[in-house]
Amino acid sequence: MSWPPASSILSVLVWTPAAGALLSALPAEDRWALRRKLSVGSAALSLALATTVSLAFEPGGSPRELRRWVPSLGLSYDFFVDGLGSVLVVWIAFLALLALVSVGSRELGRRAACLILLAETALFGLATAGDGAQFLAFYGAGLLALTLLLGRVGEMKKFFLFQAAGATLALVYIAISYHLIWVQTGFPSAEIARFPSLVMFPDFQNRMFLLGAAVVACAAPLFPLTSWISGAASALAIPGRLLLFGGWSLAGTLFFVRVVLPAHGRSEGAHYVMVLAALSLLYAGLASRRTWAPLLAGFQGLVLLGLLSPTSEGVAAGRAGMLQLALALTTLALWQGDSEDARGTALTRGIAVAMFLPPCWVVLREQWSTAPALTAIAVLGLLLAMLRPERTFPPLSRRQRLLLLPLLGFWVFSLLASSRYLPVDSRTLATAEEE
Amino acid sequence: MRFVLLVPAGLPLLAAWVLSSRAASGWGRRMVAPVDALALLSIVWLWHAGVGSDRFSLFLAASVLGALTFAALTSEREVESLGRLHLGVSLSIAAASTSELSWSVAAILLFGILVRQGRERLLYFFVPGIAVLIGLALILAADSKVVGPVLLVAGLSTWWLVLSREVLRSDTSGLVTRMAASFSLLVAVSSVLLRISSARIPEGAALGAIHALSLGALALGTLGALGATRVTTFLTALALARAGLVLFALLGGAQGGGPSLMVLAASGVSLLLVAAALDETDAIDGVSNLGSGSRRLVLALGVLSACSFPPFPGSVALFPLASAVLGQSHAISLLVAVALHFLLAIGSMRVVARAWDPGGARTVGNGAGLAAIVLAIVATVALAIAPAGFVELARAAALAIL
């Protein structure tokens, strides 16, 4: 199925949750049943739209909505969906619905319901934005929604500090690219697709790559910028935790995939980033306490190793790893944080680790040929992280056990959609070869 | 002064007269806001009719009249300070609309004397005032290209800072009126600086003065926002940081005029929203007791706009501003400004986090008021969601003084 050139389906998809948030804010605080119907209804509608977009996706025939936003400044209202985006929009819609139904009606207050839906809109925007200024706008909106969802002043400030650092660096990156486009073409533009065509000296290109990598290090995050994670995990209830680890963990790497890598993919600075990624994995293996911080940083390290892989297969595995990481962390986030002393089965953790294994294998195999030492460190960290025994597991409620099933289903779907993770260039090549 | 601007500049004088003559009655107070709105509408008509053709003056006049109308709609009890504000706004429009430097400077100094209520700490006002007059004399008499403009720029900026600090810190009630006065004076001072930067300061020491002043104001404002424990100190710090950003945009040369005007107008909106939301609140810690959701929303919108956090009003101006400054090879200064802006965002989020802390007592019950909510919606739509028209207006205004 091909879409008309100026189809508004992506606008409808992005703004439906925001409209749902507005509607959910209208009922009084004690009208929890009505609010739940409204919020879950809009999240379900978003999921239906996202599924439609994803099923109808064709390389080269995907929907794109491009309108002038601020013509004199060259800023556009630009949404598009590529292969990775077509899977991510379904995941984001699914995750938001999962977050809304993960707790009972009375437990989900007005503020949480609205913020979850607003965060969904922001994540949709991040996955589909084609303009740098627009990407930053959705990044800021998502950051604010997640910050307010945290609810405790200390945790809000800490989370915002690290994530705003990433946002500020992203702003600098996009502002420099915007200026260079203006100088080199005579017209201002923040269109992300134009960034790879910029002409730069190699050392400047290297600096820009490292600037982009710094964004990921702050936002993803990588070791050692992880001090906000444990506090945030403990401050959040289950819906917020699902959204933070399953959704917001994609924001930093999305910036890397969409903005930085197409423009500076073969930069010399990639080696430094790979060292940091391997160290993050080692940190995941050697950290004295089994908390969220080493797990998230380690998994993100592996994703980055994949994205910086020399082969398109490795890059595709890295892109798939972004989603598998989100799936694995979402599975783990279903645990109740306040029952640490309870014992239960290790099944869920096993499932979560298994979910992340397929991209691990491909990424490490592809990296072995070019950077064996770093790969060895990464493997060591990964093995230590997986093999260290976990003694205490809180039990899962019946609702949470039920929610594991669709997660597993989505994992299978994400594995079957492997061709969608290929970078655009290699997919074009593959199509040409098939023809 | 452009004669067509006599109407919008004269109507606030009429409102001031109404306030002074019928201050005791409700009728007088009710008349003020419509008169101010009429003045604002006259600016809109003049812009579209092309009469007078000085769009720079019209843009600045519309900014101060917008602030004045908002203050008149929200501060019904502040009759005396509202009257002073109306006189000040007329002077501000006069300062912005005349191309004669001496008239502009005179209007600004008179504005400061009118708005200032106390008589203590005269030395603080005396020093920058004298510096301004010496700078003006050097420019007019000796055609000074360095010392005169430097003294004028530094003196006017310090004059604004001293006055704003005193006006904003005098009391915790009537914050909107006081903030409107500070903003109106900032507009008047900025009009002079914009004209000077486009005509009289080519390179060298004078440019260095703008450099130092802008980064210094940004740094002081940022540190103030990070460490403030009182609401009035926080507001002064925010205003100072925004003034620093307006000055910083001037480093962008001819390309920096448009962004500078965008930042200036967005500053007015954000600072007035913060003032409206924090009115009658004493300490920053007390923000967590705000009971009204609309008030907390207006506060968040205002504070996050004040640090140009995307996607809030004012963030769109950052791209052309950064490009203009980079175009003049001030990359290091831009990096310093970005770092300071990041810290300002942290300082601003400190207040937003407190306001949205679910553990707050929520004992302060009154809301933000209809005017603040309407301004918040209008600002969000016009400056953040659909800013194309606003950007065009600012660019057209900046082109008028080149």
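A salt bridge is taken here as a side-chain nitrogen of Lys or Arg within 4 Å of a carboxyl oxygen of Asp or Glu. With that rule, the count between chain B and chain A is zero salt bridges. The structure is a predicted model, in which local features need pLDDT of at least 70 and side-chain atom pairs count only at pLDDT 80 or more, while totals for chains, interfaces and linings use all residues. Residues are numbered from 1 along each chain as its sequence is written, chains are lettered from A and ligands numbered from 1 in the order in which they are written, and side-chain values use heavy atoms, with hydrogens and water left out.

The interface itself comes next. Contact (heavy atoms within 4.5 Å) involves 35 residues from chain B and 33 residues from chain A. The buried area is about 2,900 Å², and carbon and sulfur atoms give 82% of this area; the term stands for the accessible area (1.4 Å probe) that two parts lose on being put together, summed over both. Four residue pairs, both at pLDDT 80 or more, are in polar contact across the interface of chain B and chain A. A polar contact is a pair of N or O atoms within 3.5 Å; within protein, one must be able to donate a hydrogen and the other to accept it, and residues adjacent in sequence count only if both atoms are side-chain atoms. On the side of chain B that touches chain A, the elements that give two or more residues are α13 (318-327), α14 (331-355), α15 (370-385) and α16 (388-399) of chain B. Of these, α14(B) gives the most, with 10 residues. The residues of this side divide into 27 nonpolar, three polar and five charged, where Ala, Val, Leu, Ile, Met, Phe, Trp, Tyr, Cys and Pro count as nonpolar, Asp, Glu, Lys and Arg as charged, and the others, Gly among them, as polar.

Chain A can be described as a whole. It has 17 helices and two strands; helices (H or I, at least four residues) and strands (E, at least two) are DSSP runs, numbered from the N terminus. Of its 435 residues, 62% count as buried, with buried meaning under 20% relative accessible area, exposed over 50%, and partly exposed in between (1.4 Å probe, protein chains only). Among the contacts in chain A with a separation of 6 or more, 81% come from residues 24 or more positions apart.

Salt bridges do occur within the chains, and the count over all chains comes to 12. In one of them, A:Arg258 pairs with A:Asp82, the closest N and O atoms being 2.8 Å apart. This pair links helix α10 of chain A, which holds A:Arg258, to the loop between β2 (75-80) and α3 (83-101) of chain A, which holds A:Asp82, 176 residues apart. Both A:Arg258 and A:Asp82 are buried. A salt bridge also joins the side chains of A:Glu313 and A:Arg365 (3.0 Å, N to O). A:Glu313 lies in helix α13 (residues 312-333) of chain A and A:Arg365 in helix α14 (residues 347-368) of chain A, so this pair ties together parts 52 residues apart in sequence. A:Glu313 is partly exposed at 43% relative accessibility, and A:Arg365 is partly exposed at 37%. In chain B, B:Asp285 and B:Arg354 form a salt bridge with their closest N and O atoms 3.0 Å apart. Here B:Asp285 sits in the loop between α11 (257-278) and α12 (293-306) of chain B, and B:Arg354 in helix α14 of chain B, 69 residues apart. B:Asp285 is exposed, at 52%, whereas B:Arg354 is buried, at 18%.

Helix α10 (residues 251-264) of chain A also holds A:Thr253, which is buried at 1% relative accessibility. Leaving aside neighbours within four places in sequence, A:Thr253 is in contact with A:Val216, A:Gln300, A:Val303 and A:Met322.

Most residues other than glycine have a negative phi, and most peptide bonds are trans. A cis peptide bond joins A:Phe223 and A:Pro224, with omega about 10 degrees, and the bond from B:Pro310 to B:Pro311 is cis, with omega near 10 degrees. B:Ser308, not a glycine, has a positive phi of about 50 degrees and is buried at 2%.
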